Amino acid sequence: MSWLLPRLLVMLASLGLAMLAGHFAGFWLGSSELGTAVGAAAGVTLVVVIDTVRGARLLRWMRSDLALGAPRDAGFWAEVAYRSERAVRERDKAIANEQRKLAEFLQAIEASPNGVVLLDDHDQVSWCNAIAADHLGLDARRDLHQPITNLVRKPAFVAYLQSREWREPLMLAEPSGLSALQLVMRGYGERQTLLITQDVTERQRSDAMRRDFVANVSHEIRTPLTVLAGFVETMASLPLTGVERTRVLALMQQQTVRMQTLVADLLTLAQLEGSPRPAIDRWVSLSGLLERAAADGRTLSAGRHTITVLPVPALELAGQESELFSSVVNLVGNAVRYTPDGGQISVSWQARPDGGGEVLVRDNGIGIAREHLGRLTERFYRVDGSRSRDTGGTGLGLAIVKHVMQRHGGTLEIDSEPGKGSSFRLGLPVGRLRATAAAATLADDATSRVG
Ligand code: ADP
């Protein structure tokens, strides 16, 4: 209120001066009362004109975009201008603050791994993040304010949205099974809707794999169990001769061994999945590994095949010995089982240009048609189920080998031609290879002698 007293004084003073001037002017003209009145009117008019000019200037500023500062007047108008300008600046600051918070909030939703769509009370898209746009095939800019039912036309989606019964999520799956989306809707505000989308393709796929796996295991176990149950019943109900009894017991043992092998392979897989990657500080002799696997192969072959280990360099491999051995022995065992009697099997080592190397198991057996090659490492995948079972296979061998190689940072590669034979290669990276201590010493000696 610092402007009030000066303003009143200035107004009174100017009015007084104007009246005084009018009075003297009227005195000279013959009517001092009329002069005073004219002076008073002129004073009031002057004050009103000055106020009007200042008020108009302020009004013009208020009508503008307020980018420039308010007009700088003195007194009353100065305070009005200052207060208005401050109110405007504070409002601008509050709006900027709210906009920043909104932008941060939208950025957080944008960063969400799920798709988010906000629908207004007419089910039109108010906002959506990039993931939702990708999931639902929307264009985050072009499709704003479009009814979502014009953009996502699947009948199941439209019915779900319109039902407003959203306790259970909606599953939208492509008939090809290549992608599956889970949608959740929730109401908020005044009939607005929050739509959340989640890509559940992987989850669906692993659920399907788990179901298949359980079904396969049950099937694999049920078959020998049914056979065993039949034999038990036969033994219980029929009087068998000694010879028959021995034969039945041998068959029962065969089925029992089959189940034991299956359970052992399943346990191996479960252990591989649940244990950490093998460390790089345990070293296994390459030649020892290959010789032992070949010896196991010879026992299995019982002289029906020629199994040769080609000369290998003095190397050691870093990893879990039992796992590496089971991989090579699996491949040699397969070569024996899928190669007719009299066939040739070789086990060797090949260096790779990148410094790594590979164990190569080659046979001249029945071979594998091209269309099966990509699926051989799937659990329970067999080219010829009865041959696999007859030779004691579980259909899990190559799945185990692949797992072991992955855990060692390695690879399993398969080449084959039906009727000609197959070669299986276990690739190991350079970081898991080293020269054996003795070989390294010899090499050092040679270098120092040359030096
Ligand atoms: P299995 O216990 O049935 O041998 P694997 O996982 O070891 O299971 O092998 C999967 C399938 O790959 C086998 O059923 C067989 O059809 C094929 N296979 C594996 N090794 C060979 C091989 N050396 N020659 C021909 N076929 C093979």
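Of the 451 residues in the protein chain, 35% are buried, meaning under 20% relative accessible area with a 1.4 Å probe, protein chains only. Keep in mind that this is a predicted model, where local features need pLDDT of at least 70, side-chain atom pairs count only at pLDDT 80 or more, and totals for chains, interfaces and linings use all residues. Residues are numbered from 1 along each chain as its sequence is written, and side-chain values use heavy atoms, with hydrogens and water left out.

Now for the overall outline. The C-alpha trace spans about 160 × 80 × 35 Å along its principal axes.

Next, let's zoom in on one helix, H13, at residues 397–407. Helices here are DSSP runs (H or I, at least four residues) and strands likewise (E, at least two), numbered from the N terminus. Nine of the eleven residues in H13 are buried, among them Leu398, Ile400, Val401 and Met405, as well as His403 and Arg407. Their cover includes helices H8 (242–274) and H10 (321–337), plus strands E11 (411–417) and E12 (421–428). After H13 comes Gly409, with a positive phi near 70°.

Technical notes
Buried < 20%, exposed > 50% of the residue type's maximum accessible area, 1.4 Å probe, protein only. Contact = heavy atoms within 4.5 Å.
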